[in-house]
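Please keep the sequence and the model side by side while reading. The paragraphs below go from strand pairing to the nonpolar cores.

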Amino acid sequence: VTALEPASGAILWQASPHSLGYLAADKHAIYTVAQSELGEKQLCALNPHNGEVRWNFLLPDRTDVAKITRPSPLEQNRLALTAHGELWLLDTQTGQPIWSHRLPSDTCWSPVQRMGSRLCVASSQEILVFDIQTGSTLWRNNYRCQTCPSSQPQVAVQGDQIFVGLALLNG
């Protein structure tokens, strides 16, 4: 990960974790999925001022990076992430899980979207909505896309509507 000065493009710092992608940021940290020295996949929180690692959260020991989503920074020092059929809500100050929820399948899930006091994620088969405080499932809809069973869906929220986009290509 490299931090650049916006006015000049000068490099401010470069961080050592070998990012596998999925970069996100908030005012507290830069979040990226990286590989540890032992080859394990982890979510790293980097200090935005110098790139030093603030904390690491070890992800499930699987090899398919496509089943890890872009971290979703939220308000109140929270961050949501899905990886290999699990949804986590993490404390951004410590990297510790607040709660986790096993998703119905180990497929490609969308990045997490917030809707007020709820979080939603979608696969090519269904959408699930969770209470942000407890992690309990509020509702689910099985819409089953027959033409794109392995693509990673995208979810957008506007007002009181949820939109799910599915395609044959990720993007």
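Two strands count as paired if DSSP finds at least two bridges between them, and strands themselves are DSSP runs (E, at least two residues) numbered from the N terminus. The model is a predicted one, in which local features need pLDDT of at least 70 and side-chain atom pairs count only at pLDDT 80 or more, while totals for chains, interfaces and linings use all residues. Residues are numbered from 1 along each chain as its sequence is written, and side-chain values use heavy atoms, with hydrogens and water left out.

With that in place, strand β13 (residues 126–131) pairs with β14 in the antiparallel sense over five bridges, and Leu 128 stands opposite Arg 140 in β14. Both strands belong to an open sheet of four strands, ordered β11-β12-β13-β14 with antiparallel pairing. Its edges are formed by β11 (113–115) and β14 (137–142), each of which pairs on one side only.

The largest nonpolar core has 14 residues, of which Tyr 31, Leu 43, Trp 55, Phe 57, Leu 59 and Leu 90 touch the most other members. Such a core is a set of buried Ala, Val, Leu, Ile, Met, Phe, Trp, Tyr and Cys residues joined through side-chain atoms within 4.5 Å, where buried means under 20% relative accessible area (1.4 Å probe, protein chains only). At least two residues of this core come from each of β4 (30–35), β5 (41–46), β6 (53–58), β8 (78–83) and β9 (86–91), and the largest share, three residues, comes from β8. A second, separate core of 13 residues includes Leu 87, Val 112, Val 121 and Phe 130.

Methods. Buried means under 20% relative accessible area, exposed over 50%, partly exposed in between (1.4 Å probe, protein chains only).
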